[in-house]
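Dear colleague,

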Amino acid sequence: MASELKIFSGKCMYRGIDFTFIFDCKELRLIPPEDKRDTIRMEWIMARVAKGVYTIGNPLTMDDPYLTGHCNETNTDFIFITRQGDYISSQNSVLFVPIVAYINCKYTRDSITRMSFSSPIINRIHPISQGIGISMDVEGFVSTGVCSVTTQSYDKTTTLPQNFTVDDRQVSVEFSISRNLSTKIDEPPITLESAMLFEFEPTNDYHFIYRLWYIAKQFLRYLCYRKNVFLPETVLSAPADDGKFEAFATLHVLNEFGNEEIEMLKSGHYIKQKNLAGAEGKILTDIANETLYLRHLPQSYRSGRSIDASRFIMIMAAFEWEFRRCFPDGITKSSATISAEDAVYTEIQKLLDCAGNRKERRLYQFLQRLVKSDSLESEIIHTGKELDAIVGVFGQNLYRWNDQELKYSEMGQRLSSQRNNYAHGNLDKEFIGLSLLDLMYMEYILYAMQLNHYGVSTSNIRHAINDLFHLNCKIDS
């Protein structure tokens, strides 16, 4: 059934002109007053060439990070978060403003101090089932149908706050479960819903609010290993008395819809909050700083099961990025290897000193860097051996199911060779079939590298990988 079309109108100030806005929850139009239309057309949109002669001027761009409008229909404020720097199109003197989101305020408040995210994914990451307790006598229940259902206290269903940093601002994150009671006939008497809460110093920086929304979405993507995760609405709260919060507005993000693959949630393809408890803040900080590699996440679970050349390269790029984070000093080398490298490096330096032109010197310098650097093959072998105690059980099962044996030396050789073939355009080379098996295991290794880097326990890392990839392995606590 088609959703009801909503159109709002009101007043919105932009560049000192009091426009009338028309908003259909997708497109924002600004209509200038009659006495300002020539100004918009001749001074904003057109450029004066000579007296009485005008031509199309430089493209009009959106300068403001947000616009505030007062709505006629609701008598409340709308805050339109713009695509700052993007072009504003126009028709006659009507402006079409590019926006990414809008805030619908129920009441007027000076600042925002908390964001509450809810979705089917959050209901499972922080399971709502832990919010209730059931007690009954089985025999009595069969005969009488009587049982007792109680909600757990907020303390038992709220996680410990963890801090993270966004643009030098401190934010805390926690998960909680809300309870809603109803006496209506067509509604259940009680419903539970999990929420992920961000709290911060009061602010009216709406682009910061939108940035926090994006960080929250990236975090959920990471926990589900896919991009088709959606957060269309977020409840915003202002500070209230006694350290409490007052929900006063809702953030709506445009085009935030799609196939969420609910069947993947039902089958448990996600990491539960309890398996990374205490590490949430570290992960969110790195997401904000873009130091946690997420570019390789597939668009969906189904597309992630299909491997092409670009996806192969992106997964291996993720490994190389995470290797540098986990092993900043590279691979520990034996004294014999170090001596050999030093000797070769010295010989190349002699050639470099005698180089006749700039091109020769650049080539020798390139060779010197190769001598001291670790190869991709050696990095894979080293990482596999270092993390085998954590993730090896999954690799052994994976290779055994395919009538193969897990050998990190062979895995490193296959993956590095196939990556290089793709990266350097060696399409005439025969595809290395077992490298696909290696790549599947590499996906497990990547999560092991990342979670281990954040201090998550071995047991919890195993539970996280087992759930996320639905490996059905028995994991010891």
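Glu-256 and Lys-217 form a salt bridge, with their closest N and O atoms 2.9 Å apart; the term denotes a side-chain nitrogen of Lys or Arg within 4 Å of a carboxyl oxygen of Asp or Glu. This is a predicted model, in which local features need pLDDT of at least 70 and side-chain atom pairs pLDDT 80 or more, while totals for chains, interfaces and linings use all residues. Residues are numbered from 1 along each chain as its sequence is written, and side-chain values use heavy atoms, without hydrogens and water.

Glu-256 and Lys-217 are both buried (under 20% relative accessible area; exposed is over 50%, partly exposed in between, with a 1.4 Å probe and protein chains only).

Arg-302 and Glu-263 also meet in a salt bridge, at 3.4 Å from N to O. The two residues lie 39 residues apart, Arg-302 in helix H8 (residues 301-304) and Glu-263 in helix H6; helices here are DSSP runs of H or I with at least four residues, numbered from the N terminus. Arg-302 is exposed at 55% relative accessible area, whereas Glu-263 is partly exposed at 33%. A further network of salt bridges with shared partners joins Lys-407, Glu-410, Arg-414 and Asp-438. The count of salt bridges comes to 20.

As for the helix pair, Arg-211, Ile-215, Gln-218, Phe-219 and Tyr-222 in H5 meet Glu-280, Ile-283, Leu-284, Ile-287 and Ala-288 in H7, contact being heavy atoms within 4.5 Å.

With kind regards
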